[in-house]
Amino acid sequence: MIAPRPAVTALLGTTLVGTILLGTAACAGPAATPTASAVPHGYVAGAAEMAEPQLQLATINGAGSLALLDLLDGTSAAVTTLDEVSTVSTDGRFVFAASAGPGTVTIVDSGTWTVDHEDHQHYYRADPAVVGTVTGSGTGTVAGGGTLTTVRFADSGTGLILDTGDLADGTVTELGRVAGDPGDGVLVPFGDSVLAGRTDAPGSAGPTDAPGSAGNGAAAVRVLDSSGTPVPGATADCAELSGTITTRVGVVFGCADGALLATAGTGADTDAGIAFERIPYPDGVTAADRALEFGNRAGRPTVAAVAGDTGAWLLDTRERSWSRLATDTPLLRVAAVDDSAGHVVALAADGRVLVLDAATGSTLAATEPLLPATLAAAETGDAGLLDGVDLTVDAGRAYLNAPAEGLVHEIDFADTARIARSFPIDGEPRFLAETGR
Amino acid sequence: MRLIRPLTLALAGTLGLGALTGCAPPADDRPLVVVTTNILGDVVQNLVGTEAEVLTLMRPNSDPHSFEISAQEAARILGADLIVTNGLGLEEGLQQHLDAADSAGVPMLAAGDVIDALPYAAGTGSDTGNTGSDTADPHFWTDPARMIDVVEAVTAAIQADVEGVDAAAIEAKATAYTAELRTLDTEMTAAFAAIGPEHRNLVTNHHVFGYLADRFDFTVVGAVIPGGSTLAAPSASDLRSLVGAIDAAGVRTIFAESSQPDRLVQVLADEAGLDVAVVELFTESLSEPGAGADSYLTMMRTNTERIATGLSP
């Protein structure tokens with residue numbers, strides 16, 4: 001449910017709320033502490049700072065039960081039950097479960113997250129909670145990670161811009177709404193701005209600039225402010241837009257001719273403080289082999305994408321360069337770890353997880369096939385089962401859900417693709433998302 | 001260590017009622033010195049005694065990079081006679097409030113501006129590929145000599161900017177506290193002198209000991225401490241960075257923050273044949289009373305004792 005942006009006083013009423021004692025610290029020491037209490041805006045009561053990443057796997061099973069598996073101690077707890085889930089994503093803290101049928105996205109706070117200070121990180125844990133649900137039309141695709149979180153509904157093209165800080169407080173606050181045209185597209189926050197684009201058909205006339213299209217014009221990526229209003233002139237062409245990912249360097253968009261990279265730049269073309277650069281593909285890349293979807297370790301500058309049936313792409317957003325890794329078996333998923341050893345982890349079409357070397361493209365290690373039952377079920381009717389199979393990587397491990405097998409596998413990519421742990425999940429883990437990172 | 005961040009208290013609907021304070025003495029007519037971090041808050045309290053009210057914004061056991069303040073505190077900042085900050089980018093979460101106070105003409109002193117600042121050391125405890133940055137390291141307090149420089153500057157600022165304090169009384173307190181800091185410095189020098197130069201290696205995932213290392217000739221050896229998800233089913237590859245650091249440093253104690261230090265010790269023994277202790281240090285915040293770091297002097301002595309014990313042959 002969408003609530004109007006509340007003032008702090010409105011949350012608390014105008015009467016004084018009762019005194020919350022701070023234990024012995026309440027009146028002790030140099031801190032002058034007031035008597036009555038209000039939790040300051042943005043504060044998460046009960047959040048604890050921890051020594052290390054509080055990694056969790058959110059799984060949603062065939063019955064819609066969302067459970068959180070604590071990767072530190074292996075315990076699991078059910079959080080909520082959802083209907084008709086069709087896709088799941090995460091920004092590393094919140095789990096976004098989209099249901100295409102009713103056109104909803106339910107936002108669940110996993111309660112664990114990392115704050116990145118570049119040279120070091122801070123790790124937090126609080127209680128998980130269901131934050132709320134937003135409603136649109138069709139599949140809602142969510143992008144987050146910063147102060148803004150966006151949802152774009154494909155069937156209407158409508159986008160919502162939400163306040164991430166309020167999600168942390170347990171409230172869904174709509175800061176802006178982006179009108180659009182039905183069809184695939186992207187809506188991605190970047191700092192205080194939002195980047196929007198709609199996918200055009202191959203070979204269409206090119207960028208449209210219809211008045212009132214509010215930045216969702218096809219074949220172009222536009223800059224909107226946090227209320228959804230287009231910034232005049234801040235736009236860049238992107239034909240056949242497909243796929244987007246955010247790295248420390250900027251936001252990547254997949255275009256027919258290569259990547260479009262938006263960075264917080266300076267210069268003539270940066271009306272909104274955002275610069276666009278093109279990173280073209282090497283010569284001779286066919287449409288079938290272009291990158292359509294990207295995967296990385298959260299924030300890392302090098303991202304990976306499946307290259308048709310030929311292997312994988314690596315895009316180094318810092319160096320602005322593409323490289324190509326050939327594999328014998330076509331890939332279904334791929335993610336770049338971007339660690340010092342250059343590990344790239346992929347799910348091959350035969351159900352094996354491969355570890356590739358970013359520098360040489362060679363296959364360093366492979367697991368046994370991990371998805372025999374899932375692949376068989378996908379062949380014989382339940383084609384959607386494979387759509388929810390996800391491969392996620394963090395600094396030390398990769399995780400793969402095997403729904404028909406009823407397992408989530410933890411893979412040590414730095415140690416010959418060893419299966420470190422396998423977690424049984426009740427009722428088929430249809431969807432997977434890793435939080436706490 | 002699990003650090004529960006205490007609730008920050010505020011008063012709804014009383015913005016601007018700066019005179020309303022909670023604890024005795026109420027209705028404080030004394031001048032107000034606002035300090036951001038609790039480490040500097042303790043230091044400043046030692047300098048002003050009862051001559052002024054000291055409002056420390058950061059609670060015990062919190063994170064100086066991201067703590068938040070109440071609306072009431074934000075209002076009180078604007079009425080302060082002096083604001084003492086750490087500076088060098090430490091209090092990023094407070095910047096808008098500090099900027100507002102600066103615009104309002106409140107005198108401000110950033111400790112980082114009065115010390116000989118060091119560049120940030122190469123990223124420790126992370127494999128992010130950072131090789132250090134151009135920015136200065138804000139964690140100057142791990143060197144007591146630099147804290148003496150700060151005390152001198154804060155004392156001068158109080159005398160210059162805070163009306164109504166007894167300058168002679170402030171001078172006397174500053175002299176006494178500086179003497180305590182010199183004693184601390186002497187103690188630390190003596191304790192570390194007992195560690196041979198070849199053993200003065202801090203294998204750590206903490207990122208705050210650059211100044212201590214600079215002052216007392218330690219080498220900070222950054223290490224990736226395996227997290228709980230990898231310690232559950234570890235392999236040698238998970239330990240490679242840490243084992244390499246321990247071997248290179250030739251130490252029997254590492255100073256790491258780990259949620260499962262006992263498990264880490266066991267894994268290092270089982271997988272790498274290393275017999276090491278895992279010891280935690282206080283880093284960026286004072287503790288609750290009695291917990292080992294309830295004042296700046298106590299925090300420094302606790303860390304000194306732990307380092308000296310851990311690295312002595």
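Let me start with a pair of strands: β7 (residues 104-109) of chain A and β10 of chain A run antiparallel and are joined by six bridges. Two strands count as a pair here if DSSP finds at least two bridges between them. Strands themselves are DSSP runs of E with at least two residues, helices are runs of H or I with at least four, and both are numbered from the N terminus. One facing couple to look for is A:T106, which stands opposite A:T133 in β10(A).

Before I go on, a quick word on what you're looking at. This is a predicted model, where local features need pLDDT of at least 70, side-chain atom pairs count only at pLDDT 80 or more, and totals for chains, interfaces and linings use all residues. Residues are numbered from 1 along each chain as its sequence is written, while chains are lettered from A and ligands numbered from 1 in the order in which they are written.

Okay, back to that pair. Which sheet do β7 and β10 belong to? They sit in an open sheet of four strands in chain A, ordered β5-β6-β7-β10, with antiparallel pairing. At the edges are β5 (87-90) and β10 (129-135) of chain A, each with a single partner strand, so one side of each has no neighbour in the sheet. Direction ignored, neighbouring strands here are turned by 20° against each other on average.

Chain A has another open sheet of four strands, in the order β11-β12-β13-β14, and its pairing is antiparallel. Its edge strands are β11 (140-143) and β14 (174-178) of chain A; each has a single partner strand, so one side of each is left without a neighbour. From one strand to the next, the twist averages 20°. Inside this sheet, β12 (residues 148-153) and β13 (residues 159-163) of chain A run antiparallel and share five bridges. There, A:R152 stands opposite A:G159 in β13(A).

Now over to chain B, and helices. How do α4 and α5 of chain B cross? The axes of α4 (residues 144-161) and α5 (residues 167-193) of chain B come within 9 Å and cross at roughly 175°. Those axes are lines fitted to C-alpha atoms, for helices over the stretch in contact, and angles run from 0 to 180 degrees between N-to-C directions. So α4(B) and α5(B) are roughly antiparallel to each other. For the labels, under 35 degrees is roughly parallel, over 145 roughly antiparallel, 65 to 115 roughly perpendicular, and the rest oblique.

Residues making this contact include B:M147, B:I148 and B:V151 of α4(B), and B:Y177, B:L181 and B:L184 of α5(B). Contact means that the C-beta atoms of two residues, placed from the backbone, lie within 7 Å. By class, the contact of α4(B) with α5(B) has 13 nonpolar, three polar and one charged residues. Nonpolar covers Ala, Val, Leu, Ile, Met, Phe, Trp, Tyr, Cys and Pro; charged covers Asp, Glu, Lys and Arg; the others, Gly among them, are polar.

Helix α5(B) also meets α1(B): their axes come within 7 Å and cross at roughly 130°. That makes α1(B) oblique to α5(B). The contact is made by B:N46, B:L47 and B:V48 of α1(B) with B:I170, B:K173, B:A174 and B:Y177 of α5(B).

Last topic: confidence. pLDDT is the predictor's confidence in each residue, from 0 to 100. The mean for chain A is 85, with 83% of its residues at 70 or more; for chain B the mean is 85, with 87% at 70 or more. It stays under 50 over residues 1-44 of chain A and over residues 1-27 of chain B. Where pLDDT is low, the predicted coordinates should not be read in detail. For the complex, the predictor gives an ipTM of 0.71 and a pTM of 0.78.
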